[in-house]
Amino acid sequence: MDVRLTRAGNRMVGLAMMLVVSAVIGIVVVAAAKSPADPNAPSSAADPKAPAAAKPSPAPLPAKYVVLTFDDGPDAEYTPKVLGVLAAYEAKATFFEVGENVHKHPELTKKIHEAGHSVQNHTWSHADLRKLGAAAFQQQVGSTDQAIQAQTGRTPACLRPPYGGVSAAVRQRAKAMGKDLVVWTVDSRDWTKPGAAAIVQRVLKNVHNGSVILMHDGGGNRSQTVAALPAILKSLKAQGYGFRTLSC
Ligand SMILES: [Zn+2]
(Lines give C-alpha, C1' and ligand atoms only; values in the text may rest on other atoms or scores of the structure.)
Protein backbone atom coordinates (compact mmCIF):
# COMPACT_ATOMS: atom_id res chain seq x y z
CA MET A 1 0.00 0.00 0.00
CA ASP A 2 1.30 3.45 -0.83
CA VAL A 3 2.53 5.14 2.38
CA ARG A 4 1.46 8.60 1.25
CA LEU A 5 -2.00 7.37 0.54
CA THR A 6 -2.16 5.74 4.00
CA ARG A 7 -1.07 8.99 5.65
CA ALA A 8 -3.58 10.89 3.60
CA GLY A 9 -6.17 8.36 4.68
CA ASN A 10 -5.21 8.83 8.33
CA ARG A 11 -5.54 12.58 7.97
CA MET A 12 -8.97 12.08 6.47
CA VAL A 13 -10.00 9.80 9.33
CA GLY A 14 -8.60 12.33 11.84
CA LEU A 15 -10.49 15.17 10.20
CA ALA A 16 -13.69 13.13 10.14
CA MET A 17 -13.30 12.34 13.84
CA MET A 18 -12.75 16.02 14.67
CA LEU A 19 -15.93 16.87 12.81
CA VAL A 20 -17.86 14.22 14.73
CA VAL A 21 -16.44 15.46 18.07
CA SER A 22 -17.28 19.06 17.15
CA ALA A 23 -20.78 18.05 16.23
CA VAL A 24 -21.24 16.21 19.52
CA ILE A 25 -19.85 19.16 21.49
CA GLY A 26 -22.13 21.45 19.52
CA ILE A 27 -25.18 19.38 20.44
CA VAL A 28 -24.18 19.27 24.11
CA VAL A 29 -23.68 23.03 24.18
CA VAL A 30 -27.04 23.64 22.53
CA ALA A 31 -28.77 21.27 24.95
CA ALA A 32 -27.04 22.86 27.96
CA ALA A 33 -27.98 26.33 26.78
CA LYS A 34 -31.61 25.34 26.31
CA SER A 35 -32.47 23.24 29.32
CA PRO A 36 -32.15 25.63 32.32
CA ALA A 37 -34.35 28.30 30.77
CA ASP A 38 -36.77 25.90 29.12
CA PRO A 39 -40.04 26.05 31.05
CA ASN A 40 -41.21 22.88 29.31
CA ALA A 41 -38.28 20.81 30.52
CA PRO A 42 -39.66 17.50 31.78
CA SER A 43 -39.73 17.08 35.53
CA SER A 44 -40.99 13.52 35.80
CA ALA A 45 -38.02 12.60 38.00
CA ALA A 46 -38.95 15.32 40.48
CA ASP A 47 -42.64 14.48 40.39
CA PRO A 48 -43.15 10.73 40.07
CA LYS A 49 -46.92 11.14 40.57
CA ALA A 50 -47.31 13.21 37.40
CA PRO A 51 -49.06 11.17 34.71
CA ALA A 52 -47.19 10.86 31.43
CA ALA A 53 -49.77 12.96 29.62
CA ALA A 54 -49.64 15.81 32.15
CA LYS A 55 -48.14 19.15 31.27
CA PRO A 56 -44.58 19.08 32.53
CA SER A 57 -43.89 21.64 35.23
CA PRO A 58 -40.63 23.53 35.49
CA ALA A 59 -38.02 21.52 37.40
CA PRO A 60 -37.24 21.44 40.23
CA LEU A 61 -40.61 21.96 41.91
CA PRO A 62 -40.45 24.60 44.64
CA ALA A 63 -40.39 23.14 48.17
CA LYS A 64 -42.27 26.13 49.58
CA TYR A 65 -45.21 26.77 47.34
CA VAL A 66 -48.80 27.73 46.80
CA VAL A 67 -51.22 26.64 44.09
CA LEU A 68 -52.97 29.59 42.45
CA THR A 69 -56.34 28.66 40.97
CA PHE A 70 -58.67 30.75 38.82
CA ASP A 71 -62.25 29.59 38.25
CA ASP A 72 -65.18 30.22 35.92
CA GLY A 73 -63.32 31.49 32.84
CA PRO A 74 -62.12 31.93 30.27
CA ASP A 75 -63.40 35.50 30.05
CA ALA A 76 -62.61 37.86 27.17
CA GLU A 77 -61.91 40.82 29.45
CA TYR A 78 -60.37 39.44 32.65
CA THR A 79 -58.51 36.30 31.60
CA PRO A 80 -55.95 38.18 29.45
CA LYS A 81 -55.38 40.62 32.34
CA VAL A 82 -54.80 37.79 34.80
CA LEU A 83 -52.40 36.17 32.32
CA GLY A 84 -50.53 39.46 32.03
CA VAL A 85 -50.02 39.77 35.79
CA LEU A 86 -49.00 36.11 36.12
CA ALA A 87 -46.43 36.59 33.34
CA ALA A 88 -45.04 39.73 34.98
CA TYR A 89 -44.38 37.77 38.19
CA GLU A 90 -43.36 34.57 36.37
CA ALA A 91 -46.10 32.69 38.22
CA LYS A 92 -47.94 29.63 36.90
CA ALA A 93 -51.54 28.87 37.83
CA THR A 94 -54.32 26.35 37.32
CA PHE A 95 -57.48 27.48 35.54
CA PHE A 96 -60.68 25.57 36.27
CA GLU A 97 -62.71 26.41 33.21
CA VAL A 98 -66.40 26.26 32.46
CA GLY A 99 -66.97 24.33 29.24
CA GLU A 100 -69.45 26.77 27.73
CA ASN A 101 -66.89 29.56 28.19
CA VAL A 102 -64.21 27.45 26.52
CA HIS A 103 -66.70 27.00 23.67
CA LYS A 104 -67.10 30.82 23.46
CA HIS A 105 -63.38 31.65 23.75
CA PRO A 106 -61.39 28.60 22.61
CA GLU A 107 -58.41 30.80 21.72
CA LEU A 108 -58.09 31.91 25.35
CA THR A 109 -57.96 28.32 26.58
CA LYS A 110 -55.24 27.65 24.04
CA LYS A 111 -53.34 30.76 25.13
CA ILE A 112 -53.50 29.78 28.81
CA HIS A 113 -52.14 26.33 28.00
CA GLU A 114 -49.39 27.71 25.76
CA ALA A 115 -48.30 30.10 28.51
CA GLY A 116 -47.51 27.05 30.66
CA HIS A 117 -50.55 27.11 32.93
CA SER A 118 -52.76 24.12 33.67
CA VAL A 119 -56.33 23.98 32.33
CA GLN A 120 -58.77 21.79 34.28
CA ASN A 121 -62.47 20.95 34.44
CA HIS A 122 -65.15 23.04 36.21
CA THR A 123 -68.20 21.50 34.43
CA TRP A 124 -69.96 22.72 31.29
CA SER A 125 -72.39 25.23 32.79
CA HIS A 126 -71.20 25.65 36.38
CA ALA A 127 -73.64 22.98 37.53
CA ASP A 128 -74.08 21.86 41.11
CA LEU A 129 -73.03 18.27 40.59
CA ARG A 130 -74.85 17.14 43.74
CA LYS A 131 -78.16 17.85 42.00
CA LEU A 132 -77.47 15.86 38.86
CA GLY A 133 -78.24 12.30 37.81
CA ALA A 134 -75.55 10.06 36.40
CA ALA A 135 -76.17 10.94 32.75
CA ALA A 136 -76.20 14.71 33.36
CA PHE A 137 -73.02 14.42 35.42
CA GLN A 138 -71.34 12.55 32.60
CA GLN A 139 -72.52 15.20 30.13
CA GLN A 140 -71.33 18.17 32.22
CA VAL A 141 -67.87 16.75 32.81
CA GLY A 142 -67.35 14.86 29.54
CA SER A 143 -68.29 17.72 27.22
CA THR A 144 -65.96 20.07 29.14
CA ASP A 145 -63.15 17.54 28.84
CA GLN A 146 -63.65 17.48 25.08
CA ALA A 147 -63.73 21.28 24.73
CA ILE A 148 -60.51 21.66 26.73
CA GLN A 149 -58.80 18.72 25.05
CA ALA A 150 -59.50 20.24 21.64
CA GLN A 151 -57.51 23.36 22.61
CA THR A 152 -54.75 21.95 24.81
CA GLY A 153 -54.29 18.39 23.59
CA ARG A 154 -54.72 17.25 27.19
CA THR A 155 -57.72 15.77 28.93
CA PRO A 156 -58.19 17.31 32.39
CA ALA A 157 -57.70 14.90 35.28
CA CYS A 158 -58.74 17.45 37.94
CA LEU A 159 -62.38 18.33 38.50
CA ARG A 160 -63.40 21.24 40.70
CA PRO A 161 -67.04 20.87 41.65
CA PRO A 162 -68.85 24.23 41.43
CA TYR A 163 -69.72 25.63 44.88
CA GLY A 164 -67.33 23.04 46.31
CA GLY A 165 -70.36 20.76 46.11
CA VAL A 166 -69.27 17.25 46.98
CA SER A 167 -71.36 14.22 47.93
CA ALA A 168 -70.82 10.46 47.96
CA ALA A 169 -72.37 10.23 44.48
CA VAL A 170 -70.19 13.08 43.16
CA ARG A 171 -67.09 11.35 44.53
CA GLN A 172 -68.03 8.00 43.04
CA ARG A 173 -68.93 9.43 39.61
CA ALA A 174 -65.80 11.57 39.47
CA LYS A 175 -63.67 8.55 40.27
CA ALA A 176 -65.43 6.49 37.60
CA MET A 177 -64.44 9.17 35.06
CA GLY A 178 -60.85 9.17 36.29
CA LYS A 179 -61.09 12.60 37.92
CA ASP A 180 -59.56 13.84 41.15
CA LEU A 181 -61.84 16.28 42.96
CA VAL A 182 -59.96 19.45 43.87
CA VAL A 183 -61.38 22.19 46.07
CA TRP A 184 -59.28 24.83 47.87
CA THR A 185 -57.80 25.72 51.25
CA VAL A 186 -57.78 29.52 50.98
CA ASP A 187 -60.89 31.29 49.63
CA SER A 188 -60.09 34.84 48.52
CA ARG A 189 -63.86 35.47 48.35
CA ASP A 190 -63.06 37.78 45.45
CA TRP A 191 -66.51 37.07 44.00
CA THR A 192 -68.09 39.05 46.86
CA LYS A 193 -66.24 42.14 45.53
CA PRO A 194 -64.96 43.31 48.92
CA GLY A 195 -62.34 45.59 47.32
CA ALA A 196 -58.85 44.70 46.12
CA ALA A 197 -57.23 45.46 49.49
CA ALA A 198 -59.56 43.04 51.29
CA ILE A 199 -58.80 40.31 48.75
CA VAL A 200 -55.06 40.83 49.21
CA GLN A 201 -55.41 40.77 52.99
CA ARG A 202 -57.58 37.65 53.10
CA VAL A 203 -55.17 35.66 50.94
CA LEU A 204 -51.99 36.77 52.70
CA LYS A 205 -53.47 36.28 56.17
CA ASN A 206 -54.46 32.67 55.50
CA VAL A 207 -51.72 31.42 53.20
CA HIS A 208 -49.26 28.74 54.20
CA ASN A 209 -47.05 26.18 52.50
CA GLY A 210 -49.13 24.06 50.13
CA SER A 211 -52.19 26.34 50.13
CA VAL A 212 -54.60 26.04 47.22
CA ILE A 213 -55.86 29.59 46.68
CA LEU A 214 -59.26 30.20 45.06
CA MET A 215 -59.74 33.24 42.82
CA HIS A 216 -61.82 33.93 39.72
CA ASP A 217 -60.98 35.12 36.21
CA GLY A 218 -64.56 34.68 34.94
CA GLY A 219 -68.20 34.59 35.93
CA GLY A 220 -68.60 38.32 36.58
CA ASN A 221 -66.69 41.56 37.03
CA ARG A 222 -63.23 40.45 38.18
CA SER A 223 -61.51 43.84 38.11
CA GLN A 224 -60.90 43.62 41.88
CA THR A 225 -59.19 40.26 41.44
CA VAL A 226 -56.98 41.69 38.70
CA ALA A 227 -56.18 44.71 40.91
CA ALA A 228 -55.36 42.50 43.92
CA LEU A 229 -53.16 40.03 42.07
CA PRO A 230 -49.89 42.02 41.79
CA ALA A 231 -49.74 42.69 45.55
CA ILE A 232 -50.54 39.04 46.32
CA LEU A 233 -47.85 37.71 43.98
CA LYS A 234 -45.27 40.27 45.07
CA SER A 235 -45.73 39.37 48.73
CA LEU A 236 -45.79 35.61 48.15
CA LYS A 237 -42.56 35.81 46.18
CA ALA A 238 -40.96 37.99 48.87
CA GLN A 239 -41.93 35.31 51.42
CA GLY A 240 -40.15 32.70 49.33
CA TYR A 241 -43.17 30.95 47.89
CA GLY A 242 -42.97 29.30 44.49
CA PHE A 243 -45.96 28.36 42.37
CA ARG A 244 -47.03 24.84 41.49
CA THR A 245 -49.76 23.86 39.08
CA LEU A 246 -52.21 20.96 39.35
CA SER A 247 -52.44 18.19 36.80
CA CYS A 248 -53.88 15.52 39.16
ZN1 LIG B 1 -66.97 28.31 39.95
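This is a predicted model: local features need pLDDT of at least 70, side-chain atom pairs count only at pLDDT 80 or more; totals for chains, interfaces and linings use all residues.

Me: Which residues are the protein donors of the zinc ion?

Reply: They are Asp 72, through OD, together with His 122 and His 126, each through NE2. These donors lie 2.0 to 2.1 Å from the zinc ion. Asp 72 and His 126 link distant parts of the chain, being 54 residues apart. Asp 72 sits in the loop between β1 (65–71) and α2 (78–88), whereas His 126 belongs to the loop between β3 (118–121) and α5 (134–152).

Me: Is Asp 72 buried or exposed?

Reply: A residue counts as buried when its relative accessible area is under 20%. Asp 72 has 10%, so Asp 72 is buried. His 126, at 21%, counts as partly exposed.

Me: What is a disulfide?

Reply: A disulfide is a covalent bond between the sulfur atoms of two cysteines. Cys 158 is in strand β4 (residues 158–159), and Cys 248 is in the segment after β8 (242–243), so that the pair, 90 residues apart, links distant parts of the chain.

Me: Why is the disulfide of Cys 158 and Cys 248 called right-handed?

Reply: The torsion about its S-S bond is about 115°, and therefore the disulfide is right-handed. As for accessibility, Cys 158 is buried at 0%, while Cys 248 is partly exposed at 27%.

Note on methods
Residues are numbered from 1 along each chain as its sequence is written. Side-chain values use heavy atoms; hydrogens and water are left out. A disulfide is a pair of cysteine sulfur atoms within 2.5 Å. Helices (H or I, at least four residues) and strands (E, at least two) are DSSP runs, numbered from the N terminus. Buried means under 20% relative accessible area, exposed over 50%, partly exposed in between (1.4 Å probe, protein chains only). Donors are N, O and S atoms within 2.8 Å of the metal (3.2 Å for Na, K and Ca); water is not among the atoms, so sites may look incomplete.
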